[in-house]
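Here is a short briefing to read alongside the coordinates. Have a look at the model first, then come back for the notes.

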Amino acid sequence: MKNRTVLLLLALAAIAPAFLPAQEPDGEAILRRVDENMGSDNKITTSTMTIHGRRGSRSVRSKSWIRGRTQSFTEYLDPPREKGTKMLKLEGQLWTYAPSSDRTILISGHMLRQPVMGSDLSYEDMMEDPRLAVLYTATVAGREDYEGRPCWVLDLASRGEEIAYFRRKIWVDRERSVVLREERFAKSGKLLKTTEVESVERQGGRFVPTRIVFKDALKEGGGTEFVLESIEFDAAIPDHVFTKASLR
Amino acid sequence: MIRFLLKGLLRDRSRSLLPFATVALGSMLTVVGFSWLNGAISTIVEASANFSAGHVKIMSRAYANEADQAPNDLALDGVASLLAELRRDHPALVWTPRIKFGGLIDIPDDKGETRAQGPAAGLAIDLRSAASPERRLLNLDKAVVRGRLPEHPGEILVSDAFAARLGIGPGSTATFIGATMYGGMAVRNFTVSGTLRFGIAAMDRGAVLADIADVREALDMEDAAGEVLGFYRDALYRKKEAAALAAAFNGDRRGDGDAGEFAPVMVTLHEQAGLGQTLDFASAVYTLMLVLFILVMSIVLWNAGLMGSLRRYGEFGIRLALGEDHGRLYRSLIAEGAIVGLLGSAVGTALGLAVSYYLQAKGLDIGSMLKNASMMITDVLRARVTTTSYIIGFVPGLAATFLGKAVSGIGVYKRQTSQLAKEFEA
């Protein structure tokens, strides 16, 4: 009798997990995995941004050198009107150089909210710390499939008033820790921007989104398609790249 | 007879002083009120027309839907041919293209790096063509505070307050940074040729005025313009004519689909920025003012007449007993009223005109109340005296006195001659 009771308890213990709700992982832990996947001290990228405006589409090609989260240098390669324009993000400031005027200009104030090259991304978006875990607290809102991939749905709440988006909702690929879809909201709850990742590739041991569509919900147009042509992780970048002298 | 009545009025002041003062005060307030409102509304309409709305304005349909944001990515294309067509088909108006643009004005230091900067609200106009009406419309020659108007390519005017904030003056270099018509980055160096003050808070905060050719080059807007403005050559806005012109223009250009989005559409001054409501409001206020004036004055004067009749009860009785008939007595009362009304209205109108002319010459500075205003309204509001100002108080003043006397004097007919002896005995 005693043996039969023990056996019954063991059997119950074995099948119990099937009847209990699945244990949700910690939202903060998921967010840290997302940051770790994309995190790298030094990166060099080449990308093309195609902006689908109301008058038609135009493409802007650029090369960026990125160090950590506070330093980046971007040079626009194409079209001819933008060629030679450079941008330097340096310790919380954004400088731009335009060869047509031979001027190094600090982009500040309301200008930071303006679109970069007419795209659906603002200068403020460029200036943001790429590490989501630093900017937001996360809670798991559920599980959903997005484009056939199982995802965690996270609700992100900003850690401070100065952060551009008060709240975000992200769909994180459960296997690859890549954000596949994102909705960014204002404090009022108004949807400001959406991001959809259309392609992810494995590069340098990481899963990298290589085709992303950004859409500013407040303006008409077909959004901005961002295509990552190449990315080099842990690249050697000389210090002088991240100085104002390199703009000219 | 008139001399007799005048003597009575002058010698018995209790009979004439109150009605006279009431009519004079009422007429004066009406004249001042009308002239002030007329001046204020005219100033707002004129400033709005000249600086922003035109008597009619042509934009692309898409631009018109978001006109308050001046979205140059939705600007009109093919402006040269559109202007040629407008000048040929509608010569009663003078047509001029404009571009409103926003961005940063950045001032370099010795190394060419940012020393100072501020957000600018730019207006690109035809500054250098001899035939351009813009200098006159914006009163630019008088608006220049320091320096001169642009004469060469690459020269701009900056509002004096903005220039002081940035620490620049004539001869300084200022870099504009904004967005091109296609969304690209627009960066262009300009030389400040002068500073200006329009006396319009919305313009003087951060205004930059540039020649349209320079701005077209900077914003990649060749043969494009945000707006084409039309002004009647005599500077008088004609609501019905403008509405008919806009209806005919728009009827010829009904586009659909995406092409229609960029098709030109004409709107009138009345249809823009709540100006229609302002004009309708002014018209309603004029009417209300006149009705109230006549009504209130009539009631006051009727009341004064009734009181006068009570006080002069004995006098009327004696006059009737002496053989004066009711009609003659009633007519003499009305004649008295007419004399009081005539004199009161004349004095009131004269006083009102004097105050109005003073307010027209000196104006009233309301600049401190307009620091954050976005409306095109000048800091100094002035009254405007027109022909109507001369009659707007006079005629109702006269009419009110006449009405008051006519109503209060009816009591004369209730006195029975047969009862007069009994009344006197009592």
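This is a predicted model: local features need pLDDT of at least 70, side-chain atom pairs count only at pLDDT 80 or more; totals for chains, interfaces and linings use all residues.

Residues are numbered from 1 along each chain as its sequence is written, while chains are lettered from A and ligands numbered from 1 in the order in which they are written.

**Nonpolar cores**

- The largest nonpolar core holds 120 residues, and A:V172 and B:I156 have the most contacts inside it. Such a core is a set of buried Ala, Val, Leu, Ile, Met, Phe, Trp, Tyr and Cys residues joined through C-beta atoms within 7 Å.
- Domain 1 (2-48 + 277-425) and domain 2 (56-236) of chain B each give residues to this core, so it lies between them; the domain bounds come from an automatic or database domain assignment.
- Setting aside neighbours within four places in sequence, B:I156 is in contact with residues including B:P150, B:F190, B:V192 and B:L209. Two residues are in contact if their C-beta atoms, placed from the backbone, lie within 7 Å.
- A second, separate core has 14 residues, among them B:V23, B:V32, B:M297 and B:L353.

**Chain B overall**

- Chain B has 17 helices and 12 strands, taken as DSSP runs numbered from the N terminus (helices H or I, at least four residues; strands E, at least two).
- Of its 426 residues, 41% count as buried. A residue is buried if 20 or more other C-beta atoms lie within 10 Å of its own, exposed if 12 or fewer, and partly exposed in between, with C-beta atoms placed from the backbone.
- Among contacts in chain B with a separation of 6 or more, 79% join residues 24 or more positions apart.

**Helix α14 of chain B**

- Helix α14 (residues 326-362) of chain B has 37 residues and should span 54 Å at 1.5 Å a residue, which agrees with the 53 Å between its end C-alpha atoms. The expected span is 1.5 Å times one less than the number of residues.
- Buried residues in α14(B) include B:G337, B:G341, B:G344, B:G348 and B:G352.
- Just after α14(B), B:G363 takes a positive phi of about 70 degrees.

**Backbone details**

- Most residues other than glycine have a negative phi, and most peptide bonds are trans.
- The peptide bond from A:D78 to A:P79 is cis, with omega near 5 degrees.
- A:E147 has a positive phi near 50 degrees and is exposed, with 12 other C-beta atoms within 10 Å.
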